[in-house]
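Take a look at the model below. Keep the place where the chains meet in view as you read.

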2 protein chains.
Amino acid sequence: MVTDFPTIARLHAAYAAGATPEEIVAGVYGRLAVVDDPGIFITLVPEAEAKAAAAALGPYDPDTKPLWGVPFAVKDNIDVAGLPTTAACPAFEHTAEETAFAVQRLLDAGAILIGKTNLDQFAMGLVGVRSPYPPPRNAFDPAIVPGGSSSGSAVCVAQGVVPFALGTDTAGSGRVPAGLNNVVGLKPSLGTLSSHGVVPACQTLDTISVFAGTVADAEAVYRVMSVFNPADPWSRDPSASRRPSAVPPGLRVGVPDAAGRQFGGDALSEAAFDAALEDLQGQLATAPTPVDMAPFFAVASLLYTGPWIAERYQAIRAIVEQRPEVLHPTTRQIVQGASAYSAADAFAGLYQLKDLARQTEALWNAVDVLAVPTYPRPRSVADLAADPIGPNSELGTYTNFVNLLDLCAIAVPSRFRADGFPAGLTLIAPRGRDGLLSALAARLQAAADIPIGHSQTPVPAPGAAPERATDDEIELVVVG
Amino acid sequence: MVTDFPTIARLHAAYAAGATPEEIVAGVYGRLAVVDDPGIFITLVPEAEAKAAAAALGPYDPDTKPLWGVPFAVKDNIDVAGLPTTAACPAFEHTAEETAFAVQRLLDAGAILIGKTNLDQFAMGLVGVRSPYPPPRNAFDPAIVPGGSSSGSAVCVAQGVVPFALGTDTAGSGRVPAGLNNVVGLKPSLGTLSSHGVVPACQTLDTISVFAGTVADAEAVYRVMSVFNPADPWSRDPSASRRPSAVPPGLRVGVPDAAGRQFGGDALSEAAFDAALEDLQGQLATAPTPVDMAPFFAVASLLYTGPWIAERYQAIRAIVEQRPEVLHPTTRQIVQGASAYSAADAFAGLYQLKDLARQTEALWNAVDVLAVPTYPRPRSVADLAADPIGPNSELGTYTNFVNLLDLCAIAVPSRFRADGFPAGLTLIAPRGRDGLLSALAARLQAAADIPIGHSQTPVPAPGAAPERATDDEIELVVVG
């Protein structure tokens, strides 16, 4: 367990007090050696190169470069020029010629790239272990799956190696591993982060996501990246989503009704969810409203049992049709199912979705935010070995419907289960309400009063000014 | 040729001066007998029933019932309770149990239904003669196709039988027949008229459309119908589209550049388009901007050569799969092509469309309205007999891309070709700008200084108060 989690504010306080970015980078690699998880990175930037990038930053300047000297990692389905992109499929490996639009915004803001992280192959999975590379270990319990598909990025942040990392999110890949590793997972409104340079999964549903130790850090990173990209047909005006928000006094929150509470019979997860709802209630003037989750669950079931699987097929069509043997067996099995669907079926699926979406609109007239468990219950690596599909589907119970319905969401740490394993709450709202979700999530993370990730560092109060660093603290941040 | 075209204003002036709706209805059936075109209606309401509906209206009350006593027709792919819906396929015939949402708004506003009109079978075609029923005759020249798919509705208005009629528009079915018969064809922003009760063609692209003698009448009918329908998943908030607009002094209009001028070598159509542009120029402070039509034409080609044909397949799947022999041979040939497309192809088509849509966005930063010919050149019934596909595709040159790009449009009469056949201009704008299009179209129709439809009635000046009817005029309206 890392003693002190390196939030952006703490790193900047250290820089302001005289630490150098080369020292911070050295701390990152030192921390990585201590964590000793060979599954996190598929490609690690050599320490000397990261230090060279740090040295090239020039004088400390957090005003024009809000991420000055902040180390980060990106999921290996996002391009960085000069580095291989594998999407966890060695046969797919190629050196990227261009850096993804969003990653370039981070580099321009002074962030320092450490490496490319492991994932469920082609981002197809919510378990994090459908990869030919060694699977990353869950930061809290190696018997439990790390969650996916952005497993390496979530674990890398939870272990305090970097303050933030990028994932992607189509069905929950940016939220499930956040919940399973006690970090924040910000899944923004679709199109507000450009997908240019991201290996597609379902192009109509994909987004980059952010893992961070705190809501404030996730939000800061999101703001740097959320720039309209006219060259990306999926890019949309991000201005509404970027707008900061407060939690309005009369905020109306919905929670799953009795039938919508799905924990697979796990009493510890159920109790942890109720504890999270108590913290939530403490932030609200009125009690949450029980919500019928049936239309949401019906939407969720479209994602893997409906024609959307054909988007994944189309994304890697050449591989599926010409050399399917290079795919992970589970990935192959899933994606080959797409050939059962005709174009007419695809449109029929779009009609079903449209119909269900209309059904959910009534809900959004009654509540502003929906609060759900991030995942129903922890599932073990052994569970997965016995059944590669079932536990994966279960993990997506509260995530699969979000992108299909064009909603935004944030997974936020909440009180641990009684066995000490992280639970996690997810807040969901209609597109464009990202700022509201972050404001509420920041309050909840503080109220939960648990450390950041797998560290001993408490969450700063929302809006608290970063403390002035003492020499001791600089030392702690620098050595990780 | 009808002497006096029955605009809504003229009918209301007649009512105000003492005419009865039974008299007006008698005039409609009298006029229909004179026109003597058995192809217009698939189902005609018996005259006695229409008169009974007229008698049931109560006292003349145009304030609470803006369409009080106004006769109209609807395309026979739109349901009216108690009447058969055929979509021009006798094997599909069934008695509708419910009246389409939009039609009910018209009835509630006092309009009187006369019948259900002929169309290209399942609204699949732009020629108006792909029907097992006798094809409607073009109001100006029976050797030329009436245009479709809403052939019966367009001809019915052009012949002065009714002031307005409903069509539908997926690829241009509400505009091409308007152009070929010298009437207004209003194709609103998608979702602003509920499709509840309409036989689907391509659900993602379908809309009800309005044919009328004047822009003012089309707009009045549109406003009555454009009510949000929460039970229809495709219904969208119509408030922006319903907002009346003036033509702003600095309006920027785009026109096809040299390569985008497609008339199939027909010099008369080209000259008529240039005459229409002169009238347009007279309404503008600045000259129109030549626009590269290539991305629009690329979108248009997706509609029939891409996976969208699978929407038409899905709409009549049971028939296509179980008894294809009941379909019109051309309809069958087209729709069976859908089986070549997989779900992956469908999504690939959506991606192509997204990419092309982004390319067209730059245009909409440079111009407010695009002005194009409604159709390239008239095609004959004989042309169609020789080649059922080619001339149909050509007729959609300037219409096919509009709904795929979520644009609104209005086809407006313009100066006739030198041979006396109608030409027609179509104005196009991004969704929600319906009011602007109507404002400009009204000015253009008045500037063209041609009679309404196939009548001798001049177009009233835009915004002119309806004249007070003289006894002579009442007589004319009543006898048609």
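Through which surface do the copies meet? This is a predicted model, and its two chains give a clear reply. Of the interface residues of chain A, 100% are also interface residues in chain B, so the copies meet through the same surface.

A rotation of 180° superposes chain A on chain B, with 0.0 Å of shift along the axis and an RMSD of 0.0 Å. That is the relation of a two-fold axis.

Next, look at the contact itself. Chain A gives 29 residues to it, and chain B gives 29 residues. Together the chains bury about 2500 Å² between them. Carbon and sulfur atoms account for 66% of that area. Within chain A, the residues that lose the most area to chain B are F347(A), Y351(A) and R358(A). Together they make up 28% of what that side buries.

In one of them, R317(A) pairs with D345(B). Their closest N and O atoms are 3.0 Å apart. The chains also have 14 residue pairs in polar contact.

Which helices of chain A each supply at least two residues of the side that touches chain B? They are α11 (309-315) and α14 (343-366). The largest share comes from α14(A), with eleven residues. By type, the side of chain A that touches chain B has 16 nonpolar, six polar and seven charged residues.

Notes. Residues numbered from 1 in each chain as written. Chains lettered and ligands numbered in written order. Predicted model: local features only at pLDDT ≥ 70, side-chain atom pairs only at ≥ 80, totals over all residues. Heavy atoms only, no water. Least-squares fit on C-alpha atoms with pLDDT ≥ 70 in both. Contact = heavy atoms within 4.5 Å. Buried area = accessible area lost by both parts, 1.4 Å probe. Salt bridge = Lys/Arg side-chain N within 4 Å of Asp/Glu carboxyl O. Polar contact = N/O pair within 3.5 Å; in protein donor to acceptor, adjacent residues only side chain to side chain. Helix = DSSP H or I, 4+ residues; strand = E, 2+ residues; numbered from the N terminus. Nonpolar A, V, L, I, M, F, W, Y, C, P; charged D, E, K, R; others polar.
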